[in-house]
Amino acid sequence: MTTPETLVAFAKQARSRSYCPYSGFAVGAALLCADGIVYQGCNIENAAYGPSICAERVAVFRAVAEGKRDFAALAVAGGKAGEEITALCPPCGVCRQVLREFCGADFPIYLAGPDGTYECHSLGELLPLSFSNAELS
Ligand code: THU
């Protein structure tokens, strides 16, 4: 069983692979699938800036590309590259919307904080009154 602590550790490991020469802000994410498999992602920046992508979306897209759509939890760890985490790194709005495509309001998101701490917030908290595929039916 993957505990929140383990998932946060996977997010921190993914963070070490961040490619962020422009912002200097390194983010890692770890997405736990219902089958127990964990997909990691890191932010990957680009000289043209626009093609850059967040860690969370890399993790989601990797999982979906492998045929997974049933997700149990996400962990995110972010902060200045090469430094310890000093604050929570909540997912950006675009990543929240991407998560909403596959996850409901109760979906737990573990945000790494300083000194090994973490906070848990649901997707419903982070993206209230969301637009989803339910609105299209
Ligand atoms: N970033 C993420 O990867 N995830 C977030 O939730 C927030 C921001 C990245 C994008 C960019 O490469 C850098 O952090 C600074 O915004």
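Colleague: Hello! What makes strand β3 (residues 71-80) a partner of β1?

Modeller: The model is predicted, and in it nine bridges join β1 to β3, with the two strands running antiparallel. Two strands pair if there are at least two bridges between them, so nine bridges make β1 and β3 a pair. One place to look is Ala26, which stands opposite Gly79 in β3.

Colleague: How do you know that β1 also pairs with strand β2 (residues 38-42)?

Modeller: By that rule again: at least two bridges are needed, and five join β1 to β2, so these strands count as paired. They run antiparallel. Here Ala29 has Gly41 in β2 as its bridge partner. The hairpin of β1 and β2 has four residues between the strands, and Gly36 takes a positive phi near 95° there.

Colleague: What makes Cys95 in helix α3 (residues 93-102) count as buried?

Modeller: The cut-off is under 20% relative accessible area, and Cys95 is classed as buried, so its value lies under that limit. Arg96, Val98, Leu99 and Arg100 of α3 are buried too. Their cover includes α2 (55-65), β3, β4 (108-112) and α4 (123-126).

Colleague: How do those elements follow one another along the chain?

Modeller: The pattern is α-β-β-α-β-α-β-β-α, made of four helices and five strands.

Colleague: How do you know whether the chain agrees with a compact globule or departs from one?

Modeller: For 137 residues, a compact globule would have a radius of gyration near 14 Å; the chain has 14 Å, so the two agree. The C-alpha atoms fill a box of roughly 45 × 35 × 30 Å along the principal axes.

Colleague: What share of the contacts with a separation of 6 or more is between residues 24 or more positions apart?

Modeller: That share is 60%.

Colleague: And how far apart are the mean positions of the positive and negative charges?

Modeller: They are 6 Å apart, for 10 positive and 14 negative charges.

Technical notes. Residues numbered from 1 in each chain as written. Predicted model: local features only at pLDDT ≥ 70, side-chain atom pairs only at ≥ 80, totals over all residues. Heavy atoms only, no water. Rg over C-alpha atoms; globule rule 2.2 N^0.38 Å. Contact = heavy atoms within 4.5 Å. Lys, Arg positive; Asp, Glu negative; His and termini not counted. Charge placed at Lys NZ, Arg CZ, Asp CG, Glu CD. Buried < 20%, exposed > 50% of the residue type's maximum accessible area, 1.4 Å probe, protein only.
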